Amino acid sequence: MRRKEFVVIGLGRFGGSICRELSNLGMSVLAIDKNEELVDNYADFVTEAVVADTTDESVLKNLGIRNFDHVIVAIGDDIQSSILTTLILKEMGVKKVTAKALNEYHEKVLKKIGADQIVHPERDMGRRLAHNLVSSNVLDYLELSDKHSLVEIVANPAIAGRTIIDLNVRARYGLNIVAIKRNDDMIVSPPASEMILEEDILIVIGSNTDITKFEKQML
Ligand code: ADP
């Protein structure tokens, strides 16, 4: 695999942790922030760390940002800078821009100006936690679109000891069990005859309303 080249703009908690993980994964990372102290903190473990204000187009041009594979705009509270930076990046022809949105309005604008991927870490983490708080059997909750999600559910006694056909989740709830994690194994596309064991982790996909119905009735 070719070593992918990333740019991370904004070295707060979110952007900082992206830099750390990408570097750990062996990727090339150019880290940018207008705060010199933060840039110094990252200088040792990313490929290059630069102090710059990314709302200045000439700065981005001089850094050759256009040639990178993927730019992550992790600017937090300063919505104006986040929007302006994303706009300049897309106008310059950067192929893939992922931007962090603070709220729905911010997300809407980012979408309009061409951000390729928009992440909403606080909102998404809040949703995941809420599902886990309501039922400790829900380990993870990943939103796939406005209407569909993928959830990881630990089989409780109400589910365990029954086969997939017996549970009949597809007909009763409109959900699909796409995989079962059992110890270190992963049963992908399990057959309808598969018996679910206690502590199995079911990976279920479906509409948000169907998932909520299933969580309320089965967990
Ligand atoms: P988090 O919630 O992830 O901690 P922050 O708002 O604390 O986010 O961090 C965002 C970072 O983005 C800050 O370090 C800030 O200096 C940086 N930043 C904001 N505007 C710009 C800009 N125009 N150019 C470069 N960096 C910026």
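Ser 189 has 10 C-beta neighbours inside 10 Å and therefore counts as exposed. This residue of the predicted model sits in the loop between β10 and β11, and its phi is near 45°, a positive value in a residue other than glycine. The loop between β10 and β11 also holds Glu 199, which has a positive phi of about 75° although it is not a glycine. With 12 C-beta neighbours inside 10 Å, Glu 199 is counted as exposed too.

**The antiparallel sheet**

- Strand β9 (residues 176-182) runs antiparallel to β10 and is joined to it by four bridges.
- Lys 181 has Met 186 of β10 opposite it.

**Val 204 in strand β11**

- Strand β11 (residues 201-207) contains Val 204.
- Val 204 counts as buried because it has 22 C-beta neighbours inside 10 Å.
- Leaving aside neighbours within four places in sequence, the contacts of Val 204 are Val 151, Ile 153, Leu 175, Asn 176 and Ile 177.
- Between Val 204 and Asn 176 there are 28 residues of separation in sequence, while the C-alpha to C-alpha distance is 5.6 Å.

**The parallel sheet**

- β2 and β3 run parallel and are joined by four bridges, and Ala 31 stands opposite Ala 49 in β3.
- β1 and β2, also parallel, are joined by five bridges; Leu 30 in β2 is the bridge partner of Val 7.
- Four bridges connect β1 with β4 in parallel, with Val 8 opposite Ile 72 in β4.
- Three bridges connect β4 with β5, again in parallel, and Val 73 stands opposite Ala 99 in β5.
- Five of the six residues of β2 are buried, so β2 is largely enclosed by the rest of the structure.

**Nonpolar cores**

- In soluble globular proteins, nonpolar side chains tend to be buried together.
- The largest nonpolar core has 31 residues, of which Val 7, Val 8, Ile 9, Cys 19, Ala 31, Val 71 and Ile 72 touch the most other members.
- At least two residues of this core come from each of β1 (5-9), α1, β2, β4 (70-73), α4 (79-92) and β5 (97-100).
- Apart from this core lies another, of 18 residues, including Ile 153, Ile 180, Ile 196 and Val 204.
- Ala 31, one of the members of the largest core that touch the most others, is in contact with Val 8, Leu 11, Cys 19, Val 39, Tyr 42, Val 46 and Ala 49, leaving aside neighbours within four places in sequence.

**The shell around the ligand**

- There are 21 residues around the ligand, and Gly 10, Gly 12, Arg 13, Phe 14 and Gly 76 come nearest.
- By class, the shell is made of seven nonpolar, eight polar and six charged residues.
- α1 (13-24) and β2 (28-33) each contribute at least two residues to the shell.
- The most is given by α1, with three residues.

Technical notes. Residues are numbered from 1 along each chain as its sequence is written. This is a predicted model: local features need pLDDT of at least 70, side-chain atom pairs count only at pLDDT 80 or more; totals for chains, interfaces and linings use all residues. A residue is near a molecule or strand if its C-beta atom, placed from the backbone, lies within 6 Å of it. Ala, Val, Leu, Ile, Met, Phe, Trp, Tyr, Cys and Pro count as nonpolar, Asp, Glu, Lys and Arg as charged, and the others, Gly among them, as polar. A nonpolar core is a set of buried Ala, Val, Leu, Ile, Met, Phe, Trp, Tyr and Cys residues joined through C-beta atoms within 7 Å. A residue is buried if 20 or more other C-beta atoms lie within 10 Å of its own, exposed if 12 or fewer, and partly exposed in between; C-beta atoms are placed from the backbone. Two residues are in contact if their C-beta atoms, placed from the backbone, lie within 7 Å. Two strands pair if DSSP finds at least two bridges between them.
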